[in-house]
Amino acid sequence: TGMCVAMALLPACVGCLWADGGFFGELADSATTVDQRAVVVFDGSRETLIIQTAYDGDATDFAWVIPVPALVGAGDIGTVEPAIFEDLYYLTEPSAYVYTGQALTGCGGGNQQGEDERTVRVWTQLQVDGYDLAVLSATESADLQKWLNENGYAFPAGHEGELAHYVNKAWFFIAAKMNPSAEQDAVGEEPSPGPDGNYGSGRLENQMRPLRISFPTTEPVYPMRISRVSTRSEAEILLYVIARHRVVSTNYNTDEVKLASDFRGGDFPQYYEAEFRGNLARAGAGSLLVEYAGPLSKYWLDRYQEDLGVGGEGFFVTRLRTYLQPNQMEQDVVMAQAATDDRFAIQIDMMADSGNLRIARGGILLLLALAVGISSGRRRRFLGGLLLIAIVVLLII
């Protein structure tokens, strides 16, 4: 599963996500992205999209195509450390508390046109942290597909409609591929579980460094439709939307996760994932579920200000997650301010059934049993009833 422009965001657990855009292999069916995750930052007039993809096989075999609604220049594209996804994941993750007592490197130029120069325009070409990038626009999707294939950005046949969707809206395209002569820093060699024991943070092998793309827009958007090119089956999508207010999608149903059953201990990720799937079934296919909404601290924002493009105070983060089949990715995810800025978090507090607690229960029952044994008549019947009530209560807690 996976999208190829980045989010996203992830593996088989409570929340992961990768890339929004089209991720293509040079050989048919040679690779698919894992899942999709992204950070969408919107300050009211400009969006910064941070996206990452994971892949199978050799990175030099693949290309990544990211549609954006406005022209971007060399200064609008960079990379970030993947730690930003880790931090956002653990800041917003569903949890159960159990009580037991970089910079651009080089810029190339030119509008190098081929025979498709009348319909495909190359606005700029550059290198960023091991990526070869080209910023493109087109008026004919077939010519754009031809240009991508002729220039090493292999685009699979049969998906011309996905390019046409964006060409018809006059969007621009960022084509990215690995530069075989430049090595990216490793950003994750082996899968690494989080503190809760699952892989929800999305740390998988074969990750590419996240791309950061900034562009003007009147509404935050996550370009998801192109993911259909590289998504063979169900994909998990995780979006972190940072804006002045809590957000909802305007074209995908948005609902909060509601836990229907009590968590009595055990495997919390397994319990929560079952609850999440149940919520998706109730909300309807293609829905986005809110797992967290709340303000970001000034400290956190200032720490990532260079990557996010915003800092200070007054920003919310809304965490949205879902599972989609390719045929459900018909639209890009468009977002707007929610009706309220109510905070929302999934947090369960419970007492552990520890050894000390079990000993205390046993002591109470023993004392009551002794009291019944040494009493008689009416008092015995009273204490016997009390013992029965105590047994029931202690079994419940």
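Visitor: Where is the place of Ala-170?

Guide: Ala-170 sits in the loop between α3 and β10 (172-178). Keep in mind that this is a predicted model.

Visitor: What makes Ala-170 count as exposed or buried?

Guide: Exposed means over 50% relative accessible area. Ala-170 has 51% relative accessibility, so Ala-170 counts as exposed.

Visitor: What is said about the phi of Ala-170?

Guide: Ala-170 has a positive phi of about 60 degrees, although it is not a glycine. Most residues other than glycine have a negative phi.

Visitor: Which phi does Asp-129 have, and where is Asp-129 found?

Guide: Asp-129 is not a glycine either, and its phi is positive, about 45 degrees. Asp-129 belongs to the loop between β8 (120-128) and β9 (131-138).

Visitor: Why is Asp-129 called buried?

Guide: Buried means under 20% relative accessible area. The relative accessible area of Asp-129 is 15%, so Asp-129 is buried.

Visitor: How do you know that the span of helix α4 agrees with its number of residues?

Guide: Helix α4 (residues 268-283) has 16 residues, and at 1.5 Å a residue it should span 22 Å. The expected span uses one less than the number of residues. The end C-alpha atoms of α4 are 22 Å apart, so the two values agree.

Visitor: Why is Asp-267 said to cap the N-terminal end of α4?

Guide: A side-chain oxygen of Asp-267 lies 3.1 Å from the backbone nitrogen of Gln-270. The limit for a polar contact is 3.5 Å, so this pair is within it.

Visitor: What follows α4, and which of its residues are buried?

Guide: α4 is followed by Gly-284, with a positive phi near 105 degrees. The buried residues of α4 include Phe-268, Tyr-271, Tyr-272, Phe-276 and Leu-280.

Visitor: What puts the buried residues of α2 on the same side of that helix?

Guide: In helix α2 (residues 141-150), the buried residues are Ser-141, Leu-144, Gln-145, Trp-147 and Leu-148. They cover an arc of only 160 degrees around the axis, which puts them on the same side of α2. An α-helix has 3.6 residues a turn, so residues three or four places apart point the same way. Just after α2 comes Gly-152, with a positive phi of about 85 degrees.

Visitor: How do α2 and α3 pack, and which residues meet?

Guide: Two packed helices are described by the angle between their axes and the distance between the axes. For α2 and helix α3 (residues 160-167), the angle is about 115 degrees and the axes are 9 Å apart. The crossing of α2 past α3 is right-handed. On the α2 side, Ser-141, Leu-144, Gln-145 and Leu-148 meet Glu-160, Leu-163, Ala-164 and Val-167 of α3.

Visitor: Why is Thr-92 called buried, and what are its polar contacts?

Guide: Thr-92 is in helix α1 (residues 83-92). Its relative accessibility is 1%, and the cut-off is under 20%, so Thr-92 counts as buried. A polar atom of the Thr-92 side chain lies 2.8 Å from the backbone oxygen of Leu-88. The side chain of Thr-92 also makes a polar contact with the side chain of Arg-319, at 3.0 Å.

Visitor: What makes Glu-236 buried, and which side chain does a polar contact join to it?

Guide: Glu-236 lies in strand β13 (residues 235-243). At 0% relative accessibility, under the 20% cut-off, Glu-236 counts as buried. A polar contact of 3.4 Å joins its side chain to that of Tyr-323.

Visitor: How far apart in space are Arg-212 and Gly-309?

Guide: Their C-alpha atoms are 10.0 Å apart, while 97 residues separate them in sequence. Arg-212 is in strand β11 (residues 211-216), and its relative accessible area of 15% is under 20%, so Arg-212 is buried. Arg-212 is in contact with residues including Thr-48, Asp-76, Val-80 and Glu-306.

Note on methods: Residues numbered from 1 in each chain as written. Predicted model: local features only at pLDDT ≥ 70, side-chain atom pairs only at ≥ 80, totals over all residues. Heavy atoms only, no water. Helix = DSSP H or I, 4+ residues; strand = E, 2+ residues; numbered from the N terminus. Buried < 20%, exposed > 50% of the residue type's maximum accessible area, 1.4 Å probe, protein only. Polar contact = N/O pair within 3.5 Å; in protein donor to acceptor, adjacent residues only side chain to side chain. Arc of directions from axis to C-beta. Axes fitted to C-alpha atoms, helices over the stretch in contact; angles between N-to-C directions. Left-handed = near helix turned anticlockwise from the far one by under 90°. Contact = heavy atoms within 4.5 Å.
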